[in-house]
There are 2 protein chains.
Amino acid sequence: MEAEIIAVGSEMLTAGRVDTNSLFLTAQLNDLGIEVTAKHVIGDDRERLASAVRRALGAVRLVIISGGLGPTEDDVTRDAVALALDRRQTFTPEILAGIEQRFRTMNRPMPEINRRQAMVIEGAHVLPNERGTAPGQWIEDADRIAVLLPGPPHELKHMFERQCLPRLARIAPPLAIHTLVLRISGMSESELDQTIAPIYKRYENPATTVLAHNGDMQVHLRARCASEREAKALLAEVGSQIELALGDRIYSRNGDPLEVVVGQKLAARRATLTVAESATGGGLADRISLVAGSSAYFLGGFVTYSRRLKMDLLGVPEDLLHRFGPVSRETALAMANGALRRTGATYAIAITGNAGPTTDGDEAPSGAFFVAIGTSQDVQVAHRVWPAPDRVRVRAFAAQMALDLLNRRLNQS
Amino acid sequence: MEAEIIAVGSEMLTAGRVDTNSLFLTAQLNDLGIEVTAKHVIGDDRERLASAVRRALGAVRLVIISGGLGPTEDDVTRDAVALALDRRQTFTPEILAGIEQRFRTMNRPMPEINRRQAMVIEGAHVLPNERGTAPGQWIEDADRIAVLLPGPPHELKHMFERQCLPRLARIAPPLAIHTLVLRISGMSESELDQTIAPIYKRYENPATTVLAHNGDMQVHLRARCASEREAKALLAEVGSQIELALGDRIYSRNGDPLEVVVGQKLAARRATLTVAESATGGGLADRISLVAGSSAYFLGGFVTYSRRLKMDLLGVPEDLLHRFGPVSRETALAMANGALRRTGATYAIAITGNAGPTTDGDEAPSGAFFVAIGTSQDVQVAHRVWPAPDRVRVRAFAAQMALDLLNRRLNQS
């Protein structure tokens, strides 16, 4: 079963507002196995809205329309849906009595315009509003269903849960839903998709979503089946093929981000970590220490943004900086060794690079990074250049790469 | 002139994701006097998208379609728009060469599937993508315009600003729009609104927006008038009243964030800055060093997450830590003094606190922070407790407070 959601209101067509009711509705509908195939925001325009409703009812079985049920001239949803379905509206005294009662309990006179809210589309079931004045309407037309809900989120949620869910559950019995989240690092989004698309494309169920953010990727597999056993079996079937294809690119199977996975491995072996950051300027330490409980393994570190601090705090020799430049394999190595020496940590990460936007006079191009990872026994340095760097993104990429390298290192030892 | 916006992507039809590109696009279009009459989210389905595009082009003159230009099978936008307009696509070797070049600079082989991104709809102007692989397309069909933009926000924004705005400005001559951005720190959002609402409520034009994010606030006044002179006069009239009401809570009148304002003051007096962070774990250094050119005044600093590093790196005496605890006025002061001594910087900021979620066994409650600011002559310590802390937010609040205090200090001297 498929649904479309239409949010009504010109204010949601301004630059500062998004419709969030549809997120709630989508979650609820998905749990019933109803797929949302499109969402729309339409302004307070009767003809435009009527045409959107007519089109949606031609495309899917269920159309939910939120907002535009208030008492003002701007509230066009009732009229628009009546127009779309070519039905009349009738004035319903019982609804008006309820609205009047509501105003009385607030000790306020009911404005005359609220009478509009007592208009009901022919054949509609009225959905009483326990949280506001605007009643909803549930309209069946052959095998199609149009549902009108009030716009204020607390009114909409309450009405949907109390009055729409039970009706929908009779039409679409809830499904058993299970989700597998794989988190992936160390490859590009297109490499990832090329690797797994041949697998997930063969299945409509589970639904697969690939998310990527600054080098960190997630694959969500969402199985919807009649029984829990079936959903789990399906996830196991598809998930195992994807896991096989990705191998050690997968760093987490429970949703944990990379900094948590690394932290757990460090804590498990009672190892400690320090960082020495130049171009990432504290961003890596920030990410590591945002994990609650990170003080168990994260000692802290150094932000050696200037040459002078690389020498004074980390003991990087001046002639090394002079010979190879601050953005070099040699400097990254010396920074990591210095950080290990000065803190006594088990592992160190050192990052030096040029986050842009300009290329330093004497040396490394914008986007060039060296990342050193290791222990006092053995430090390895990796090198990457990100093109057309954007300062924020390239720093995030470098921090991600560093955590990924440390994670692989911890997997080996 | 009217426009519709279509965001493409099944992931935006899940319960966890909203389309935000349309907010940016709406702001930009409104500045040109173009009204957005509807917004849509359509999944990765060629026929559905084609039908949505066909309908939108029948309703308004400009249709902007974002997303679905990637290299995978899910990326159906090119095919759908070609179908909607009944046009063919041609393979364009120059685009492929550009994509190949991009992969070469990243030292990665180009996956074969990226060839798809070199397909161009007949008659389209190609909009080169300087931030990613997917080029955009600008297609005119009689008096209608369809614009295809990539989904990642940083790619979309860059492409829209550079390549679409100039074309649109020729079609829809912009209104005179002037914006005054005041940035504010050192008060709560409700204090701010209570102070200025009596002023801005009196005006429909300029439109006023108040934004607040982790203790940093912005008031945007946006005047849209027939002439520049008129817009400026209106902004001056309303802006001066708001400035008078807020006084020195305003730290910037040109949109610059606090870390940039502080950086400019440091650079102007050839002063340098170091930081010593405990509970903020590198987040303050990260924010300071994200400013391009910050190496002129930011030397770097210390993330002394453990007690041991506070002693070893900053020379905080063990008995002081023992007597007062790591989250104390005394420790903050000793950290700042240690950072000044070890780096020779003119100014130091030191932050120690408990970001939560739990209260340390022996001492400070969750949400308690001490921030020390000063020079080798004079360090001042401020104390704050944020209630019900959320780790991410409370750390950001502490960093904001530190920058605000340093800014006030720099204003005095």
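Buried here means under 20% relative accessible area, exposed means over 50%, and partly exposed is in between (1.4 Å probe, protein chains only). This is a predicted model, so local features need pLDDT of at least 70 and side-chain atom pairs count only at pLDDT 80 or more, while totals for chains, interfaces and linings use all residues. Residues are numbered from 1 along each chain as its sequence is written, chains are lettered from A and ligands numbered from 1 in the order in which they are written, and side-chain values use heavy atoms, with hydrogens and water left out.

Helix 10 of chain A (residues 307-314) has A:Leu309, A:Lys310, A:Met311, A:Leu313 and A:Leu314 as buried residues. Helices (H or I, at least four residues) and strands (E, at least two) are DSSP runs, numbered from the N terminus. Just after helix 10 of chain A comes A:Gly315, with a positive phi of about 70°.

On to the sheet that involves both chains. Its 10 strands make an open sheet with mixed pairing, in the order 17(A)-16(A)-15(A)-13(A)-14(A)-14(B)-13(B)-15(B)-16(B)-17(B). Two strands pair if DSSP finds at least two bridges between them. At the edges sit strand 17 (379-385) of chain A and strand 17 (379-385) of chain B, each pairing on one side only. From one strand to the next, the twist averages 10°. Within the sheet, strand 13 (residues 273-277) of chain A runs parallel to strand 15 (residues 347-353) of chain A, with five bridges in the pairing. A:Ala276 has A:Ala350 of strand 15 of chain A as its bridge partner.

Helix 13 (residues 391-412) of chain A lies across strands 13, 15, 16 (368-374) and 17 of chain A, at about 25° to strand 16 of chain A. In chain B, helix 13 (residues 391-412) lies across strands 13 (273-277), 15 (347-353), 16 (368-374) and 17, again running at about 25° to strand 16 of chain B. Axes are lines fitted to C-alpha atoms, for helices over the stretch in contact, and angles run from 0 to 180 degrees between N-to-C directions.

A:Asp286 belongs to helix 9 (residues 283-289) of chain A. Its relative accessible area is 16%, so A:Asp286 is buried. Leaving aside residues up to four places away in sequence, A:Asp286 touches B:Thr280, B:Gly281, B:Gly282, B:Gly283, B:Asp286 and B:Arg395. Contact means heavy atoms within 4.5 Å.

Next, a helix pair in chain B. The axes of helix 6 (residues 189-200) of chain B and helix 7 (residues 228-246) of chain B come within 10 Å and cross at roughly 150°. That makes helix 6 of chain B roughly antiparallel to helix 7 of chain B (under 35 degrees counts as roughly parallel, over 145 as roughly antiparallel, 65 to 115 as roughly perpendicular and the rest as oblique). Helix 6 of chain B contributes B:Leu192, B:Thr195, B:Ile196, B:Ile199 and B:Tyr200 to the contact, and helix 7 of chain B contributes B:Val238, B:Gln241, B:Ile242, B:Ala245 and B:Leu246. By class, the contact has eight nonpolar, two polar and no charged residues (Ala, Val, Leu, Ile, Met, Phe, Trp, Tyr, Cys and Pro count as nonpolar, Asp, Glu, Lys and Arg as charged, and the others, Gly among them, as polar).

Chain B also has a hairpin. Strand 10 (residues 207-213) and strand 11 (residues 216-225) of chain B pair in the antiparallel sense over seven bridges, and B:Thr209 has B:His220 of strand 11 as its bridge partner. Two residues lie between the strands of this hairpin, where B:Asn214 takes a positive phi near 50°.
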